[in-house]
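Welcome! Take a moment to look over the protein shown here, and then we will walk through it together.

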Amino acid sequence: MFFEADMFTIFLFGIMANVLFSMSFAFLINSNIPFMELVEIARRERNTKRSAFNIFMIFVPFAKVILILYRVYILQVYFLNRGKSYKDFAVYLFTNR
């Protein structure tokens, strides 16, 4: 069973690994392709028309954040402030009413 400190450590390790791998990938790209060529590629890609699916995919993470914040709001306001428990919240999430 995980404790809160274990979960925090795992999240922190994941964030650090993500930053490390992103920087390593950026250094790899930078060592193989000159910077000005990357700028030209980005400029060409920016001028092409984007599909609706690509634009939709930009908004998916924001929609996920809004959904999570809404669930936290329900937990805090509707359940905890009214004296109900976390178990009542879980029952609310997993039952069809």
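## A residue to start with

Is Val 19 buried, partly exposed or exposed? With a relative accessible area of 44%, Val 19 is partly exposed, because that value lies between the 20% cut-off for buried and the 50% cut-off for exposed. Keep in mind that this is a predicted model.

You can find Val 19 in helix H1, which covers residues 4-32.

## The whole protein

Now let us step back. The protein has 4 helices and 0 strands, and along the sequence the pattern reads α-α-α-α.

Of the 97 residues in the protein, 5% are buried. The accessible surface comes to about 9,300 Å², and carbon and sulfur atoms account for 70% of that surface.

## A closer look at helix H3

Helix H3 runs over residues 52-79, a stretch of 28 residues. How far apart are its end C-alpha atoms? They are 39 Å apart, which agrees with the 40 Å that the helix should span at 1.5 Å a residue.

Technical notes
Residues numbered from 1 in each chain as written. Predicted model: local features only at pLDDT ≥ 70, side-chain atom pairs only at ≥ 80, totals over all residues. Heavy atoms only, no water. Helix = DSSP H or I, 4+ residues; strand = E, 2+ residues; numbered from the N terminus. Buried < 20%, exposed > 50% of the residue type's maximum accessible area, 1.4 Å probe, protein only. Expected span 1.5 Å × (residues − 1). Areas by Shrake-Rupley, 256 points an atom, 1.4 Å probe, with all protein chains shown as cover.
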